[in-house]
Structures are given as structure tokens and as C-alpha cells.
Amino acid sequence: MNKTQAVTLHKDKAIVRFEGPDFKGRIGIDGRIFKALTYGRISVGIISQQAVENGVSVLVSQKQSDKAVECLTREFEKELLSGEVRMIYSINEVSVLAFNSRNFDALSTELTRNRIFPLLVNQSSTDHRINLVVPNSQAQKAFNILEAELQGTMRTLHLALLGHGNVGGALIGQLLESRDEIKRRKKVDLKIFAVLNSRYMVLDHSGIGEDWQQAIAASSTVSSVEELISYAAQHQLENLVAVDNTGSTTLVEKYEVLLKAGFDLVSSNKVFNTLDIHSYRALRTSLSRYRKKYLYETNVGAGLPLIDTIRLLHLSGEDITRIEGVFSGSLSYVLNRFSSSNLPFSEILMEARAKGLTEPDPREDLSGRDVARKLLILSRELDLSNELEDVEVESLIPEALRTGSWEEFSSRFEALDSHYHKLKEQQAQGHVLRYVGELSGDLQKEKGILKVRLLSVPQNSSLGQLEGSDSLFRIFTASYAERPITIMGAGAGAQVTARGVFGDILRISEQHTN
């Protein structure tokens, strides 16, 4: 063993368990166990009455486990026949981790986060020596965690990146570029061990690098969350984080499976947070049960610290009375440009599409569904039970243009431009168009009032002064009634959103260092 190591790891051990219906603490039993094993020339490493209620556990070499069971069965033959001893059996393929610590509670919390539950714990109150017994399949992972905790050395977060489109691809670039700096500053190694798309995936426990695009293009490994979980378990990877940068409706069905397997979750995917309220709350229950985190700051406002702010205000008991703002950076760009120029609406829409600010089919943005989802997500941060169908949405697509393919829609841009020219001309002097989401009503009740609509606002107002693809949110509370909390900044773009996801990953890393 390296002398600098804080943890000693001994593999290929076995637990011999000795159970009875009313057995724990019986005088003379320990002596008979030791005598039987000594006569059998079997070395006992640990004896514990903590792991099994009404019983005793001893640790032996795996090679001697069958012989140990035979020796104890002979010694307690009468008690087995009478039922005083219920059973004697062995659990093979276990390992012992031995170390000194005065704060085992903190270590236990970190092990639990990684779904490691020791089969046996033996503690000495005199020298604070602790022995943990875990399955061989978790021994190296437990060793890595304990070493990092006890030595204060580098911790590794193993990242599985689900989706590598605009946001996912930008995130991979940011992670690889910043990895060495994060190691230096935070003593955290952000190691990408998996990249998945809807068809294929790349798995590499040593870390995926700059050639990830070539690797995924050449991969023949079919994407599977179950295979991903199996791979992480096979290689005993600790501190697992699944990062969902897709818009998949089926992937979110695997969130529960990932949590159970020991993954924390980071997501820019808004689908889960807008499912029915029962599914939404069930995941929160699972997060508590498995002691995992689910962070999704980029669901609303891209990289802006909006969800966190609202959550903290709500948890502190602040009475939030209304939230309003421009929720879509894409539509902010389109309407800002349209209001300040003489360009046709369709030309600006296509310009935004070319810049990657809208969905490939911009009608998804114009429909208002995305803003409705974002508004619903904020309502649920306030513990409201609204559903998506409760949101009153005014579509930005004229009714006559709402059906048909994208090609059919784009061939009728003249009608679209005419519609928006009229809206622009009908405004009062000094007003501009903004697409606004609003959460209002009595927010202390079960449901709020959620509206998404096109408004004409004074150009010199906070909403009217927005530029580029900026988003703006105003949070009205009982304490800030006259001067609402205002959060404004870039609300669209792959790099901005990826940076927000990166921030959530770093926040996950901090829970493993506290």
C-alpha cells in the first residue's frame, strides 16, 4: 500500500452471518464462534453485532467461507435443530475498506449519494478506526470516494452527456476547454465518460476528448440508458451526473431509472417539468429518497439566475405576488428587430433562424408553446398545481397560417408580413411589440393565472427597452411591491445556454466537496 493513502482496501473476503430469532447479545455465543473457527484454522478479521439484527457477522477469507460455515454448523447443530439458531450462511465477493475518521457521518452521506450501502460497519471508539465491508463490485468506487474525502484530493465527476446538438455540442467544448482550470481551482475533474444521441453512444471510462465527434460518428453502439448504467456500474464510476440537452419526450421517462442508479441530473430539457403535476411531484419524492439533485436553471432564461432566485425567495417565506417578463430570447430578438427597423417580419424571422436563435421550424417559437412551458415551470417553483392546459396562450401565427408544412408556411410570408405590418401601424405613438408571459392571481392558493400574449408597451418602459435577444423578468413580492426584482440578460443562444448548464454541473460538484 502507498503510505500516503488514507484507506486500506482488502478484496476477496466473505461475511459469515449467524442469525437467530432472539439471539443478539447472548453470553457465550461469541466465544463459541471464535472457538469453532480457531479449531478450523480459520482467521477472523472482524466480528460485528451491528449489521444483522439478532445475529452476529464475522469476516473471513473468501477461500475459507464454505469451511467457516461448516465449522459453525457443526458447533451449533443442536441450536439449528431447535430453531434457536435460524441460519448460518456466507456472503462472498466482498471487500474491506479500513481507515481512521472522526466524522463518519459525512463519509456515510457521500457513500449514500453514490448508492453504496455497506454490508457491515465496525467502529472502534478508542482510535476511531472504521472498517466498512462492501461488495467487490463497489469496492474501487468506495475507495475512490473515501480517499478523496479523507485526503482532500481531486474528486472526479463522471458526466454522461445526453444530446450533442447546438447546446450539447457547445457544452462539450466548454467542458473540455475548462477542464484543466476547474481541476486547478476546484480540485474537481469533470470527466466525460459518455456521449449519446438518439441512435448511438460513445463510452470511455478514461474520458472522452477532443475527437468526440469522430468517435460518435464511427460508433455502432446503440444508445441505451440501461447500457449506460450498466457500463458505469461495471467500471465502478463514482459521482455520476446525467446531463440532458435534448428536447426528448421519451428520455425524461428514464429520469427515475437514472436517479435509482445513482445519477444526479442536470437538464436544459423542459419536458419533464411540464408533465402532469403527479409525475412532477413523484420525481421530487424520488430525489429525496435517493438523495440526488436535479438542476434545470436553463429551463427558463437560458443562463440567467432566475429559477434559483424564485426558489430562494419562496423558500424564505417571501410572498411572491406576480411574475412577468419576456421569456423567449428568440422572440425578443425578432420583435426587437421588427420594432426598430423597417424590415419585413418574415425576413427578421429567417435571420433569427439562420443565427440558430429559433427552432429549425420557427413556428414552434411563434406558437407560444415554449413560453407557456417556461411560465408553467415558474408556477411550479411556487408549489402551484397548474397544468399546461391552464396557460392561456396567444399564438403569434395568424390563424389562417397555422396549418400545413413549413414549406407551405414559408411560401405565404406575404400574408405574415401584412399581418404584422398592420399590428405595428395600429400601435400608439412610442410603443413597441413585446411577447409577454405573466403569472398572477392569488399565488397562495392552489393555482395561479398564467397568460402568454402579444402586448404593445411604451418604448421607454423596462420591457420596451430590451435589445437583441435579451430576456427580462420582473418578480413582484410583498416586500418589493413598488420596485420589483428585475433580472435581465441574454435569453437565447447555444453558448449562453450551455454556460448555464455548465454552471449547474459545477453546483452538483460542490455538493460532493462539502
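By class, nine nonpolar, two polar and ten charged residues make up the lining of the second largest pocket. Here Ala, Val, Leu, Ile, Met, Phe, Trp, Tyr, Cys and Pro count as nonpolar, Asp, Glu, Lys and Arg as charged, and the others, Gly among them, as polar. This is a predicted model, in which local features need pLDDT of at least 70, side-chain atom pairs count only at pLDDT 80 or more, and totals for chains, interfaces and linings use all residues. Residues are numbered from 1 along each chain as its sequence is written, and side-chain values use heavy atoms, leaving out hydrogens and water.

What is a pocket? On a 1 Å grid over the protein atoms alone, a pocket is an open set of points where a 1.4 Å probe fits, with protein on both sides within 12 Å along at least five of seven lines; lining residues have an atom within 4 Å of a point. Volume is the space filled by probe spheres set on the points, which are joined across faces, edges and corners.

| Pocket | Volume |
|---|---|
| Largest | About 990 Å³ |

Of the 38 residues lining the largest pocket, Val167, Ser268, Lys270, Glu359 and Asp370 are the closest to its centre. In the second largest pocket, Arg284, Leu287, Tyr296, Arg311 and Glu381 lie nearest the centre.

Now meet Asn273, which is buried (under 20% relative accessible area, 1.4 Å probe, protein chains only), at 0%. Asn273 touches residues including Arg284 and Tyr296; contact means heavy atoms within 4.5 Å. Leu439 is also buried, with a relative accessible area of 0%.

How values were computed:
Buried < 20%, exposed > 50% of the residue type's maximum accessible area, 1.4 Å probe, protein only. Lists of a residue's contacts leave out its neighbours within four places in sequence.
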